[in-house]
Amino acid sequence: MSLDNNKVKEIAFLARLSIEDSELEQSTKELNNILGLMDQLGEIDTGGAEPMAHPLEMSQRLRDDQVTEKDLSEEFQEIAPKTGSNHFLVPTVIE
Amino acid sequence: MMHNLTIAEQIKGLKNRDFSSLELTQHYLNRIDDSKLNAFISVTSEQAITQAKLADSILAKGNATSLTGIPYAHKDIFCTKGVKTSAGSKMLDSFISPYDATLSEKLNSQNMVMLGKTNMDEFAMGSSNENSYYGPVKNPWDTKKVPGGSSGGSAAAVASHISPFATGTDTGGSIRQPASLCGITGLKPTYGRISRYGMIAYASSLDQAGPMTRTAEDSAIILNAMAGFDTKDSTSANKLVPDYTKNLSKSLKGLKIGLPKEYFSEGLDKGVEKVVMKAINDYESMGAEIIEVSLPNSIHAIPAYYIVAPCECSSNLSRFDGVRYGYRCDDPKDLNDLYLRSRSEGFGDEVKRRIMIGAYALSAGYYDAYYLKAQKVRQLISEDFKKVFKEVDVVMGPVSPTAAFDLGSVKDPVSMYLADIYTLSVNLAGLPGMSIPAGFSDNLPVGLQLIGDHWSEELLLNTAHQFQLKTDWHHLSPVD
């Protein structure tokens, strides 16, 4: 599979990244090189191998549904770029 | 000099009052000050001195633990309350962590002394430390060379004796490869052995923390302090932590060592191969049995890893959105502009590349061909090891195909990825692996890789320690 400049722009937007037009050519080339490496997987016969999502055979632990975290909202707001009346502020979304 | 002592010796020194923690700490802080390797992103001198004074008072009262007062350098990927935690990224350049990672807490609870936070490839993505927002670290053996990565600052700090040990993390070789390139002892434990809570995530099914020390004995001492179950990490293993120093002196007579033929094929530098084979011969003369084995799927580790890791990274790094913490662009005109510019200005090139590869591989229509396929290959790689560990106790081979390369010499991302060939399989299978100093090629250190079955850290440390009793590569140092 090979990507063209438009596809690269589309992927970048999906990942909420922007690529300068001046860097687009180079990015496309590099991503295609990496894709070439990834495409080697297609040639491997994986037979009936089960997909392995995790290195250990463990199941998800359950715990009682109780609040254990301390309320750190003040500490967390302190390091935020912009806050107001106990909220994280972003540019207006709905007028 | 104090900085030439191992941790085991420093523990004795503190106990016997040969020196105080404050003297030891001040000595290292001075050395850091004089160092030109760029190994640290932040040096926390004031805090270190306060911690050292506290440690001395605890030592004087006699209720110290064995590591009280020992200084260390912390990879800047671990959250440290009130201290900048950057992960080597502009994105987190102003991030003062509001909480401690479990590992930070564990080391603090022993009243150890944190000297500072070490330099690293941005978000642990890289094999040369050249992807750091704070500039590359230099290899203490030759300052024109890379220290390896991503834990390059940690490796350089330990090798140049500006810290007695450092923490590291290893997702695809990031402890073992810099340990090899800087001539120190690095251990990546079994996945789940050390808590990942508060360790900034790159690829969550692969990331694992570990100690970077000069000797295997020190590594065992530090692993004792680092390992253990943590309810805050859902993938932490609820498994007893043995005393890793207990079996160090066991004889290796009859130990079965497997040499995977795939690890000695084309692409391995002759000088590195020579060092590795000499070390294997040393093991044979210590009574070990050498057996050729095969890991046929290990050659697929690169494409499998460079799909699994970017997929997990694209998901993990979506949290950096310029809203709650970290970098935010100036004057965003709308929400998308806020996301796009904050992320594009905040992340470096390699991080952006991996996020995009992951986003593509996970996108509709490509999932089966890439992510699912990579997970199947991961299974095959893991099964190869299962078979081999029915036959042998430890697998050995090179860590990296070459010794340290020149700063700026590898420009193409794919060439950089290919150099990870011998380390990636271990992470994909979740196994413990080590790099120990085994000799030199062209005056640069070369590490020997030791790979064990799940939870075999005791055996790996024993195997490494016995080698270090017979050789002195680990005592050679680029500094006086």
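A: Start with axes: they are lines fitted to C-alpha atoms, for helices over the stretch in contact, and angles run from 0 to 180 degrees between N-to-C directions. Helices (H or I, at least four residues) and strands (E, at least two) are DSSP runs, numbered from the N terminus. This is a predicted model: local features need pLDDT of at least 70, side-chain atom pairs count only at pLDDT 80 or more, and totals for chains, interfaces and linings use all residues. Residues are numbered from 1 along each chain as its sequence is written, while chains are lettered from A and ligands numbered from 1 in the order in which they are written.

Q: At what angle do α2(A) and α11(B) pack, and how far apart are their axes?
A: Helix α2 of chain A covers residues 21–38. Its angle with α11(B) is about 55 degrees, and the axes are 11 Å apart. Angles under 35 degrees count as roughly parallel, over 145 as roughly antiparallel, 65 to 115 as roughly perpendicular and the rest as oblique. α2(A) and α11(B) are therefore oblique to each other.

Q: Which hand does the crossing of α2(A) and α11(B) have?
A: A crossing is left-handed if the near helix is turned anticlockwise from the far one by less than a right angle, and right-handed if clockwise. Here α2(A) passes α11(B) in a right-handed crossing.

Q: Which residues make the contact of α2(A) with α11(B)?
A: Two residues are in contact if their C-beta atoms, placed from the backbone, lie within 7 Å. α2(A) brings A:Glu30, A:Leu31 and A:Ile34. α11(B) brings B:Arg353, B:Met356 and B:Ile357.

Q: How does helix α1 of chain A pack on α11(B)?
A: α1(A), residues 5–14, meets α11(B) at an angle of about 95 degrees, with the axes 9 Å apart. That makes α1(A) roughly perpendicular to α11(B). A:Ile11, A:Ala12 and A:Leu14 face B:Met356, B:Ala359 and B:Tyr360 across this contact. The contact of α1(A) with α11(B) has 6 nonpolar residues, no polar and no charged.

Q: How many residues does each chain give to the contact?
A: Chain B gives 55 residues and chain A gives 38. On the chain B side, α9 (301–316), α10 (335–346), α11 (349–362), α12 (368–391) and α13 (413–418) each supply at least two residues. α12(B) has the largest share, 12 residues. By type, the chain B side divides into 32 nonpolar, 12 polar and 11 charged.

Q: Which strands pair with β11(B)?
A: Two strands pair if DSSP finds at least two bridges between them. β9(B), residues 394–398, pairs with β11(B) in the antiparallel sense over 5 bridges. There B:Met396 has B:Leu450 as its bridge partner. β10(B), residues 433–441, also runs antiparallel to β11(B), joined by 8 bridges. B:Gly439 stands opposite B:Val446.

Q: Where does the backbone take a positive phi or a cis peptide bond?
A: Most residues other than glycine have a negative phi, and most peptide bonds are trans. The hairpin of β10(B) and β11(B) has 2 residues between the strands, and B:Asp442 takes a positive phi near 50 degrees. B:Asn443 has a positive phi near 65 degrees and is exposed, with 9 other C-beta atoms within 10 Å. B:Asn38 has a positive phi of about 65 degrees. B:Asn38 counts as buried, with 20 C-beta neighbours inside 10 Å. The peptide bond from B:Gly149 to B:Ser150 is cis, with omega near 5 degrees.

Conventions:
Nonpolar A, V, L, I, M, F, W, Y, C, P; charged D, E, K, R; others polar. Buried ≥ 20, exposed ≤ 12 C-beta atoms within 10 Å, placed from the backbone.
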